[in-house]
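Biologist: Could you walk me through one part of this model at close range? I'd like the confidence first, then the packing.

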Amino acid sequence: MDEKEALRVGAAVRRRRRTLGLTLAAVAGRSGLSVPFLSQIENERARPSPRSLDRVADALETTTERLRAAADSARAVDVVRADDEDGVRRLVRGRHQLSALEFIGEQDLGREFQHRNDEMMYVVEGAVEVEAEGRAHRLFRGDTLFLSGGVRHRWRATVASTRLLVVSVAEHIDATYDSRR
């Protein structure tokens with residue numbers, strides 16, 4: 001892990017701690033590290049050693065790899081060039097908090113989807129039929145459909161020139177809300 005990556009892992013540590021509803025003191029108790037040191041990591045004023053990062057990851061019920069992957073989202077500037085072919089195109093490369101796909105052409109994936117995180121569909125061009133929560137929705141150019149995490153759905157493009165943008169919170173991110181915390 002280079003110096004910049006080590007420093008940026010702080011935001012990922014803070015997000016994970018908050019997702020679990022833990023205080024710095026609780027993470028300190030679980031990891032054996034001090035509250036001031038954990039605060040410095042989260043605020044990117046301290047660089048954790050690989051061993052310290054392992055201890056933090058264990059305390060946060062995750063892995064160092066997942067923390068690093070979450071940290072990657074803080075340092076990406078990437079251009080994805082247009083592609084004229086029909087099919088599926090990734091608009092965000094790598095493992096980030098945001099997932100974005102463009103579906104081009106008359107698509108019918110023939111299966112039902114259910115994602116744990118939120119998703120949005122935007123029809124750039126053409127038309128799409130979406131079945132969600134037992135209702136059919138016809139979407140046309142410029143229309144947007146939002147699906148909260150857990151909603152079962154299926155969709156198909158109904159026009160050959162369809163371009164559908166699907167944006168979601170990435171599956172490796174735990175963005176679900178647990179009201180018990």
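What pLDDT does the protein chain average, and what share of the residues score at least 70? After that, please zoom in on helix H2 and tell me which residues in H2 meet H4.

Modeller: The protein chain averages a pLDDT (the predictor's confidence in each residue, from 0 to 100) of 84, and 85% of the residues score at least 70. Residues 1-7 are another story: the pLDDT there is below 50, though the stretch still has 12 contacts in the model beyond near neighbours in sequence. Where pLDDT is low, the predicted coordinates should not be read in detail.

Quick ground rules: this is a predicted model, with local features needing pLDDT of at least 70, side-chain atom pairs counting only at pLDDT 80 or more, and totals for chains, interfaces and linings using all residues. Residues are numbered from 1 along each chain as its sequence is written, and side-chain values use heavy atoms, leaving out hydrogens and water.

Now to H2, residues 24-31 (helices are DSSP runs of H or I, at least four residues, and strands are E runs of at least two, numbered from the N terminus). Take H3, residues 35-42, to begin with: its axis and that of H2 come within 9 Å and cross at roughly 110° (axes are lines fitted to C-alpha atoms over the stretch in contact, with angles from 0 to 180 degrees between N-to-C directions). H2 and H3 are therefore roughly perpendicular (65 to 115 degrees), and their crossing is right-handed (the near helix is turned clockwise from the far one by less than a right angle). On the H2 side, Leu-24, Ala-25, Val-27, Ala-28 and Ser-31 make the contact (heavy atoms within 4.5 Å), and H3 brings Val-35, Leu-38, Ser-39 and Glu-42. By class, that contact of H2 with H3 has six nonpolar residues, two polar and one charged (Ala, Val, Leu, Ile, Met, Phe, Trp, Tyr, Cys and Pro count as nonpolar, Asp, Glu, Lys and Arg as charged, the others, Gly among them, as polar).

Then there's H4, residues 50-59, whose axis comes within 8 Å of the H2 axis, crossing at roughly 115°. That makes H2 roughly perpendicular to H4, and the crossing of H2 and H4 is right-handed. Here Val-27, Arg-30 and Ser-31 of H2 meet Arg-55, Val-56 and Ala-59 of H4. The contact of H2 with H4 divides into three nonpolar, one polar and two charged residues.

Methods: Parallel < 35°, antiparallel > 145°, perpendicular 65-115°, else oblique.
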